[in-house]
Amino acid sequence: MKKIGMLGGMSWESTHTYYKLINEAVKEELGGLHSAKIMMSSVDFAEIEKFQHSGDWKKTAEILSCEAKSIEDANADFLIICTNTMHKVAPIIEKNITIPILHIADATAQKLQKDGIKKVALLGTKFTMVEDFYKQRIIDNFGIDVIIPNEKEQNLIHDIIYKELCLGVIKKESRDSYIKIIKRLEKECEVEGVILGCTEIAMLIKQGYVDIPIYDTTKIHAQAAVQKAIFS
């Protein structure tokens, strides 16, 4: 079994979910007392969030590159960045390490392709929804049309992530707001599925809350990591 490098702490709630999902998937694949070989570095999210919202992505890249290098030095075979948003700096991290990064958008898009999804909604932080580092990768490399909410909806989604979900706070009214947005995109934009493009959103939205398929990027990414660790 290959050793999975986990770059986490953004937030710790979603990293906890990654750890659980990865070990559950290893047990399902191998049985018995098997668990995943993991080397994890977990950062202080308050520092990362400060630089995110001040626009200092260079500093976030420096911090995460340093942590990624420590994971590589601990003999991890590949790296997963346990957050969607910070894949914005994945190309910089890649330049500072020699082990491969298993990209969350690629894992998600491969699942979408397998399911025959041609048009999908993307919910996440405003960085992920608005900028091209995530959605354009899916559009260009996988030929899937990615639709994002309007600006008012983007602001609402973003605020709920940082002010509630990243703090472990789950509110029914926030869930209802997300569901309303998804249903509007399904009706008006004819999306066939929705990407939960922030690892915390799965704390709020589950399959069955809406009619279209939900793509939980945390679960998809974790499962892809296990497949790579065991079978590649």
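At what angle do helix α5 (residues 104–114) and helix α7 (residues 132–142) pack, and how far apart are their axes? In this predicted model, the two helices meet at an angle of about 45 degrees, and their axes are 10 Å apart. That makes α5 oblique to α7.

**Helix α5 and its two partners**

- The crossing of α5 and α7 is right-handed.
- On the α5 side, this contact is made by Ile104, Ala105, Asp106, Thr108, Ala109, Gln110 and Gln113, while α7 brings Tyr134, Arg137, Ile138 and Phe142.
- Sorted by class, the contact of α5 with α7 holds 6 nonpolar, 3 polar and 2 charged residues.
- Helix α5 also packs with α10, here at an angle of about 95 degrees and with the axes 9 Å apart.
- That angle makes α5 roughly perpendicular to α10, because angles of 65 to 115 degrees fall in that class.
- The residues that meet are Ile104, Ala107, Thr108 and Lys111 in α5 and Thr217, Ile220, His221 and Ala224 in α10.
- In the contact of α5 with α10 there are 4 nonpolar residues, 3 polar ones and 1 charged one.

**Helix α1**

- Helix α1 (residues 12–30) has 19 residues and reaches 27 Å from its first C-alpha to its last, close to the 27 Å expected at 1.5 Å a residue.
- Its buried residues are Glu13, Ser14, Thr15, Tyr18, Ile22, Asn23, Ala25 and Val26.
- An α-helix has 3.6 residues a turn, so residues three or four places apart point the same way.
- Against the buried residues of α1 pack the strands β1 (4–8), β2 (38–42) and β3 (78–81), along with α5 and α10 (217–231).
- Gly31 follows α1 and has a positive phi, near 75 degrees.

**Helix α3**

- With 17 residues, α3 (57–73) reaches 24 Å from first C-alpha to last, close to the 24 Å expected at 1.5 Å a residue.
- Trp57, Thr60, Ala61, Ile63, Leu64, Ser65, Ala68, Ile71 and Glu72 are buried in α3.
- The cover over these buried residues includes β1, β2, α2, β3, α4 (90–96) and α6.

**Helix α8**

- The 13 residues of helix α8 (residues 151–163) should span 18 Å at 1.5 Å a residue, and the end C-alpha atoms are 18 Å apart, which agrees.
- Buried in α8 are Glu153, Gln154, Ile157, His158, Ile160, Ile161 and Tyr162.
- These buried residues pack against α2 (45–54), β4 (119–123), α6 (126–130) and α9 (172–189).

**Tyr178, a buried residue of α9**

- Which helix holds Tyr178? Tyr178 is found in α9, and with a relative accessible area of 0% it is buried.
- Leaving out residues up to four places away in sequence, Tyr178 touches Leu123, Ile157, Ile160, Ile161, Leu165, Ile201, Leu204 and Ile205.
- Among these contacts, Ile157, Ile160 and Ile161 are also on the list of buried α8 residues.
- Tyr178 and Thr98 are 80 residues apart in sequence, and their C-alpha atoms are 39 Å apart in space.

**Backbone features to look at**

- Most residues other than glycine have a negative phi, and most peptide bonds are trans.
- A cis peptide bond joins Met10 and Ser11, with omega at about 0 degrees, and Ser11 has its place in the loop between β1 and α1.
- Asn75 is not a glycine, yet its phi is positive at about 75 degrees.
- Asn75 follows α3 and is found in the loop between α3 and β3.
- Is Asn75 buried or exposed? Asn75 counts as exposed, because its relative accessibility is 56%.
- Glu190, also not a glycine, has a positive phi of about 55 degrees and lies in the loop between α9 and β6 (193–196).
- Glu190 counts as exposed too, at 58% relative accessibility.

Notes
Residues are numbered from 1 along each chain as its sequence is written. This is a predicted model: local features need pLDDT of at least 70, side-chain atom pairs count only at pLDDT 80 or more; totals for chains, interfaces and linings use all residues. Side-chain values use heavy atoms; hydrogens and water are left out. Axes are lines fitted to C-alpha atoms, for helices over the stretch in contact, and angles run from 0 to 180 degrees between N-to-C directions. Helices (H or I, at least four residues) and strands (E, at least two) are DSSP runs, numbered from the N terminus. Angles under 35 degrees count as roughly parallel, over 145 as roughly antiparallel, 65 to 115 as roughly perpendicular and the rest as oblique. A crossing is left-handed if the near helix is turned anticlockwise from the far one by less than a right angle, and right-handed if clockwise. Contact means heavy atoms within 4.5 Å. Ala, Val, Leu, Ile, Met, Phe, Trp, Tyr, Cys and Pro count as nonpolar, Asp, Glu, Lys and Arg as charged, and the others, Gly among them, as polar. The expected span of a helix is 1.5 Å times one less than its number of residues. Buried means under 20% relative accessible area, exposed over 50%, partly exposed in between (1.4 Å probe, protein chains only).
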